[in-house]
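Subject: Structure for you to look at

Hello,

Here is the structure I said I would pass on. Please open it first, then read the notes below it.

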2 protein chains.
Amino acid sequence: MAESDYETALRADDRLDLRMWLRLLTCATMIEGRVRRRLRDSFDTTLPRFDVLAQLDRAPDGLTMGELSGRLMVSNGNVTALVERLVREGLVDSRPRPDDRRVQRVRLTESGRRQFARMAPANRAWIAAMTAGLSRDDMARLYELLGRLKGSVSAADRRVEEGADGAV
Amino acid sequence: MAESDYETALRADDRLDLRMWLRLLTCATMIEGRVRRRLRDSFDTTLPRFDVLAQLDRAPDGLTMGELSGRLMVSNGNVTALVERLVREGLVDSRPRPDDRRVQRVRLTESGRRQFARMAPANRAWIAAMTAGLSRDDMARLYELLGRLKGSVSAADRRVEEGADGAV
């Protein structure tokens, strides 16, 4: 496959941080695109739908809409509409929380749990295949460095909030 | 800032490759969101517009629409409409290529080049601030590991094309 992506035209003298960021975005875009395509081809579903089911599967006690929105992989313009559709299809239910009936709690139904259980192993296998070229050590190191990057972005947010980075 | 993202509910026993992928996507989403917001706040522009100008700035001889599409950072439903708008605003021009007049070649105008030159240093400063928590060695190592990951994804594509990975 002749590949052309947004690293293609970077000059060797471009800054390492900029090159790292564009390569990170290349990797994320590549993997996300392949997962989207395979979800569609294998399960006739979309990434935002898979994403909602995955988050609810990890929260047996359910999540409020706010908690759910904050945990979704892909920013989704309309989580409410998506959840309503899943409720109509019987995959998700939405009920008042027993301890505070003003708050709706969203959970997987048994049918939703079964549907997710069919997709999850396929998703794991796709990710495993796409990352097969990395040794366990590479993977652990990459995971750790990405953790530092995440911390670095959050630290930059705090500097902006404190006004210490006003020039940027 | 109380943070909740899609790593929040991962169980410690989830596979390292899956955790790495979700963390990678977290980082990409965080940085991309901040760049979008700052482009809007500082330059009243969007990431796809910035992206087109950046790619054309790196290609003094211009690009065909196909080359341009392949190099954009963010998948854009309608590159043609975006380029037409930039042409109307006088930032970009689109002319037949001298050696093959059936092919349109898109280039920055002088005004487009000036506009990009105002935005590029700000973008570099944002990325520098967000990655400031990583040492030069961390950054080089992260860049290299992301290169391995990119190669691994492409290798998985080739296995699928060759039918060797039919089960996945």
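Helices (H or I, at least four residues) and strands (E, at least two) are DSSP runs, numbered from the N terminus. This is a predicted model, in which local features need pLDDT of at least 70, side-chain atom pairs count only at pLDDT 80 or more, and totals for chains, interfaces and linings use all residues. Residues are numbered from 1 along each chain as its sequence is written, while chains are lettered from A and ligands numbered from 1 in the order in which they are written.

Chain A on its own

Chain A has six helices and two strands, and along the sequence they follow the pattern α-α-α-α-β-β-α-α. Of its 168 residues, 30% count as buried (a residue is buried if 20 or more other C-beta atoms lie within 10 Å of its own, exposed if 12 or fewer, and partly exposed in between, with C-beta atoms placed from the backbone).

Helix α1 (residues 16-43) and helix α5 (residues 110-130) of chain A have axes that come within 11 Å and cross at roughly 145 degrees. Axes here are lines fitted to C-alpha atoms, for helices over the stretch in contact, and angles run from 0 to 180 degrees between N-to-C directions. On the α1(A) side the contact is made by A:Ile31, A:Arg34, A:Val35, A:Arg38, A:Ser42 and A:Phe43, and on the α5(A) side by A:Met119, A:Ala122, A:Asn123, A:Trp126 and A:Met130 (two residues are in contact if their C-beta atoms, placed from the backbone, lie within 7 Å). These residues divide into seven nonpolar, two polar and two charged. Ala, Val, Leu, Ile, Met, Phe, Trp, Tyr, Cys and Pro count as nonpolar, Asp, Glu, Lys and Arg as charged, and the others, Gly among them, as polar.

The two chains together

How many residues of chain A are in contact with chain B? There are 65, and they meet 65 residues of chain B. On the side of chain A that touches chain B, α1, α3 (65-71), α5 and α6 (136-161) each supply at least two residues. The largest share, 19 residues, comes from α6(A). By type, that side of chain A has 36 nonpolar, 13 polar and 16 charged residues.

The same surface serves both copies, as 98% of the contact residues of chain A recur in chain B.

A:Thr131 is in the loop between α5 and α6 of chain A. Is A:Thr131 buried or exposed? A:Thr131 is buried, because 24 other C-beta atoms lie within 10 Å. Not counting residues up to four places away in sequence, A:Thr131 touches A:Met139, B:Asp17, B:Leu149 and B:Ser152.

B:Leu56 is in helix α2 (residues 47-57) of chain B. B:Leu56 is buried, since 25 other C-beta atoms lie within 10 Å. Beyond four places in sequence, B:Leu56 is in contact with B:Leu63, B:Val92, B:Val106, B:Arg107 and B:Leu108.

Regards
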